[in-house]
Amino acid sequence: MMMIRLLHRHRIVLALTIAFLAVACIISSHTEGTSVSLNATQHISSPMKAHLLDGSIAVFDHGGDIANRQISGTGMRYDPTLKTAVAVTAPIPLDSVVGVETFERVVNPGRTLLYSTLATAGTIIGATAAAVAIFGSCPTIYVDSAGTQVLQAESFSYSIAPLLAKRDVDRLQVASDGSGVVRLTVRNEALETHYLDQIELLEASHAPDELALPAARVGIIAVRHRVAGVTMHDRAGRNLADVLGAADERVFATDSLTLDRASRGGPADDYIDVTIPSAPGRDSVAIVLRARSSLLTTMLLYDEMLAGQGAKALDYVGKDLQRVTKLAQLADWYVKNLGLRVSVVTNDGREQRQIVRLVDFGPAAWRDVAVVVPATADHDSVHVRLAFLADAFRIDHLQVFGDLRELAPRSVPIARVLDRDGKLRPDAREVLLRTDDLQLQTWPGHEFKLEFDVGGDRTGIARTYFIAAQGYYTEWMRGRWLATDSTTDFAPWRKPVAPILQRWLITRDSLEQTFFRQRVPIV
Amino acid sequence: MMRYAFLASLALAVGCWTSPAPSNFPPGRAPAGVQALLETQSGTQVVGELLEVRDSAYVVLFSNRVTIVPYLALRHAEFPHQDWGQFGSYTRPSAGTRDRLRWYSRFPFGVNDTALATLLHASGQTTPDIVASNP
């Protein structure tokens with residue numbers, strides 16, 4: 001009993017810990033060669049290769065020692081043609097060595113990548129675009145629709161470091177063609193380097209009158225029978241039934257007065273209260289959302305996090321984000337301040353029980369997601385609150401469904417990868433098939449196509465497809481970020497939110513106007 | 001603070017799985033370079049071992065002959081057995097890409113005269129073959 005209380009008291013920490021351990025299990029890294037200094041006495045524990053003046057190569061696969069102007073260790077010495085090899089029986093004098101290489105594990109390209117990409121950014125998209133904030137976009141997934149590429153999803157939008165690498169599942173509106181093939185295009189349209197670990201297609205079969213979509217903490221579910229009589233109001237008291245009633249051009253954003261108050265130190269959160277008529281025998285309902293994050297999240301994570309630190313941002317991304325403790329601080333702050341929290345409200349509003357916190361939204365693509373909430377009636381209705389930092393989300397529609405069931409989607413592996421020229425890339429396919437230490441790296445302007453063999457349709461069965469992608473991305477440092485004089489460490493947990501919202505109010509319009517126009521062109 | 005300490009200690013106690021250690025990394029344990037799959041502008045397929053990465057060309061052992069393939073002659077290039085996949089940068093590799101890739105070649109510090117002479121002698125060549133840049 002005491003243990004249960006302890007677990008309950010620390011449930012947030014535990015959840016965070018479990019989340020971290022989960023992502024820790026999919027940390028990916030790569031191995032890089034590097035030159036070994038011959039001037040210092042040192043022990044090399046990684047595999048080491050000495051290249052000699054006569055062209056021969058000595059391989060010490062368990063490492064070796066560099067001391068007293070010679071190299072020693074257990075190894076084999078190969079002639080330049082590799083046709084003969086002999087054991088290394090005596091130390092090799094350094095004056096007969098051209099160079100020594102070793103291999104080390106690198107979790108994040110870090111400073112080297114950031115420095116090297118500084119110059120490259122300008123050459124790819126020009127100085128004008130580089131001066132404009134374009135970030136937080138992640139791999140974008142497109143589907144061909146009558147000859148036009150339509151944006152459908154963006155993957156792992158907040159996986160800004162290897163330790164945050166995660167698997168994202170996004171619903172697609174795509175059908176197979178006449179030959180039973182689903183085709184997708186993956187692009188890197190931001191000033192980011194993407195590290196793609198695995199991509200697969202999930203296929204959910206369901207009845208034609210069901211809607212299939214991912215549900216937080218549940219998996220893929222099918223819903224039907226939309227609940228009538230649902231009412232929705234935000235903090236400002238606006239009736240949202242009309243604007244959120246259908247997937248159309250009308251989109252919810254925080255009321256300007258609510259945002260203004262938050263920026264002046266008032267309540268930082270906005271919310272949407274959803275009242276759902278209860279029904280006998282119904283123990284749960286599914287709230288279906290079509291939403292994306294506003295660029296506030298992008299501004300927070302990058303203008304505050306990176307530009308706010310000046311040149312120190314290089315160390316922050318290259319080193320600090322590789323440390324569990326720093327990531328824990330960031331994640332704790334992120335979870336407290338960002339994300340969309342869904343709670344069931346009971347006892348006339350005096351009690352709230354959080355069901356889930358959604359954080360997987362990107363700023364570019366709409367995301368369809370369901371939240372299964374217990375239909376705990378308070379009087380004659382179920383009351384649900386969606387709370388979030390003021391102006392952090394755009395919501396296209398919100399619907400409630402009374403019938404839901406879990407689906408067991410079929411995994412469809414990538415059948416073919418094609419580069420932009422239409423050339424088959426079996427090497428890239430091999431990299432993307434499994435979650436392992438192999439990653440596909442893409443740079444701004446890269447595009448490739450994926451084909452999945454899903455087979456033909458079956459009469460009376462509907463199929464919905466989901467893209468499941470795992471990986472992370474690193475942001476390119478902009479010159480103007482590094483040029484700032486600030487040398488302050490990034491510590492958002494010590495900052496009030498109101499000044500950030502004040503800056504957001506100033507930059508929001510220009511940021512939203514330029515964001516989509518300034519995408520990196522696919523080359 | 002206790003929360004972070006708890007989280008960190010638990011994570012550290014359990015440990016993290018990452019990629020295989022460098023001691024299990026094949027290019028680190030063998031003298032040979034990785035496989036190069038090159039396609040020239042004329043459509044010729046060149047498959048061989050990567051010997052050297054130069055500023056303007058790859059040097060490969062193709063059909064047991066030392067062959068220099070200038071970047072300008074390439075339509076396509078792949079190195080499937082290295083640690084990372086990558087799109088679109090091997091045909092005209094940047095300085096950064098060349099610097100990373102050279103560690104996957106047999107001679108990351110360059111093929112010196114002695115080694116080149118040995119390789120040419122073994123293959124019966126007097127000079128390396130050079131793929132024409134403008135077929």
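Predicted model: local features only at pLDDT ≥ 70, side-chain atom pairs only at ≥ 80, totals over all residues.
Two residues count as in contact here if their C-beta atoms, placed from the backbone, lie within 7 Å.

The predictor gives the complex an ipTM of 0.80 and a pTM of 0.62. Chain B has an average pLDDT of 77, and 72% of its residues score at least 70. Residues 1–20 of chain B stay under 50 in pLDDT, and for that stretch the model has 37 contacts beyond four places in sequence.

Now the helix. α4 of chain B covers residues 113–123, and its buried residues include B:Ala115, B:Leu116 and B:Leu119. Those residues span an arc of only 100° around the axis, so they sit on the same side of α4(B). What covers that buried side? Part of the cover is β4 of chain B, residues 65–70. On the face turned away from the buried side, α4(B) carries B:Asp113 and B:His121, which are exposed. Just after α4(B) comes B:Gly124, with a positive phi of about 75°.

β4(B) takes us to the sheet. In chain B there is an open sheet of 6 strands, with mixed pairing and the order β5-β1-β2-β3-β4-β7. The edges are held by β5 (74–78) and β7 (129–130) of chain B; each has a single partner strand, so one side of each lacks a neighbour in the sheet.

How do β4(B) and β7(B) run relative to one another, parallel or antiparallel? They run parallel, joined by 2 bridges. Within that pairing, B:Thr67 stands opposite B:Asp129 of β7(B).

Conventions:
Residues numbered from 1 in each chain as written. Chains lettered and ligands numbered in written order. pLDDT = per-residue confidence, 0-100. Buried ≥ 20, exposed ≤ 12 C-beta atoms within 10 Å, placed from the backbone. Helix = DSSP H or I, 4+ residues; strand = E, 2+ residues; numbered from the N terminus. Arc of directions from axis to C-beta. Pairing = 2+ DSSP bridges.
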